[in-house]
Amino acid sequence: MGVLGLRKNADLRTLAWLFFLVPVPMVAQYAAAAPAPWMDAVDGKAWWWPAVWAWPLCVYTSFVVGVMAHNINHLPPFKFGERGNPFCALANTLIGMYVSIWYGFPIFAWVPTHNENHHKRLNRKGDATITWRLSKKNNIFNAFFYPFVSTYHQSTLVSAYLAKHKAAAFGQPIPQSPTSQHHGNSMALEDVAGTSGASAEVFWNAMLQYCAGGVAHSTLAYIAIVHRCEGNVLHGLWLYLTAMLLPSLLSGYQMMFTNYIQHVHCDPWDMPNASRNFHCGDSFVAKAERFLTFNAGYHQAHHNSAHIHWSDLGEAHAKLEADMDPRLKLPSMTWFIFSTYILYGVFGFSAFKTEEVGRPAWDEAGETPAAKSSLEKAARREAAKRATCERAKVA
Ligand SMILES: [Zn+2]
């Protein structure tokens, strides 16, 4: 066990980022509290427009908050060594509430949409987050709009999941498995609805995350208007918007965008090639990305075993690398985004266009009994692991 009751000492960096780095761009903007350039200048500070200089950091911190929201839902960071330790449950509940404030949405939502659905269906039919819903092409239009469309389709899973756990909390009958009227998502809904695993604790944990987000965001909006902008509602709302609301919404957007680039044109029927991996190799850029993204680019290793701690993904990736298609182990996520969506997407350099690697996700003929059974086995293992975590908030 790590220090402070952490599962691993590597999560000291998670805590340092969450409590010291993530608040910096927000606090800096509140401290400067200048209005937008198109509003009245206050004390001649307007050109300093804090949002402009704080935002590059905001883009990074909101990305990393999303990565942490993902990691925490797979493996709660606190363990405390003892199953059922009340401090462990409390610490993991509090960290979930805190991250929800920065993530812009209660982070429990990852469980029905990602852990229980995406990890099982893997960008094939029934995955609420499929990358090929709008079109089978990988272009700037699809990549840009994918997070919005994906959010819409994930919303039914979140409400079905909440309804199930709410029924358990209030001792009511569990709602029947919802069907096709839910955006045609009936297959995805099968993964989260039904009676299995209904738990009052999950419901109250989700409610605490809603409350933390609601209270923190309204307090910050109040402070912005009343204390930082002398009661000027427009200036105050602008400050809250640029310092807190937009970065937190960007967090979820960036996570869905990342999901898109990690799966578009990959082959979910052939496990080593079901994801596109980034920051592979020993270049400076790869090393820097590994450090800055908490290994978020090693996505195939994560899909193979979702309970591997983020700090161990490099080792897990190294074992798989030899079997991967070279087109799916890339040195840089940043370069992939720039080359695919700007050089190809905007300027039309076809050298940077991606192509299907192997059998497309929508080609159900690819579901051989062997592939199906191996994916189902992985999903069952994951569900069992998750259930253990849920019960004791340790694993
Ligand atoms: Zn995951």
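**Helix H9 and its setting in a predicted model**

Reader: How far does helix H9 (residues 233–263) reach from its first C-alpha to its last?
Author: This is a predicted model, in which local features need pLDDT of at least 70, side-chain atom pairs count only at pLDDT 80 or more, and totals for chains, interfaces and linings use all residues. Residues are numbered from 1 along each chain as its sequence is written. Helices (H or I, at least four residues) and strands (E, at least two) are DSSP runs, numbered from the N terminus. With 31 residues, H9 is expected to span 45 Å at 1.5 Å a residue, taken as 1.5 Å times one less than its number of residues, and its reach is close to that, at 43 Å.

Reader: Where does H9 bend?
Author: The bend at a residue is the angle between axes fitted to the seven residues ending there and the seven starting there. In H9 this angle is about 45°, at Leu241.

Reader: How many of the residues of H9 are buried?
Author: A residue is buried if 20 or more other C-beta atoms lie within 10 Å of its own, exposed if 12 or fewer, and partly exposed in between, with C-beta atoms placed from the backbone. In the protein, 43% of the 395 residues count as buried. H9 is mostly covered, and its buried residues number 22 of 31.
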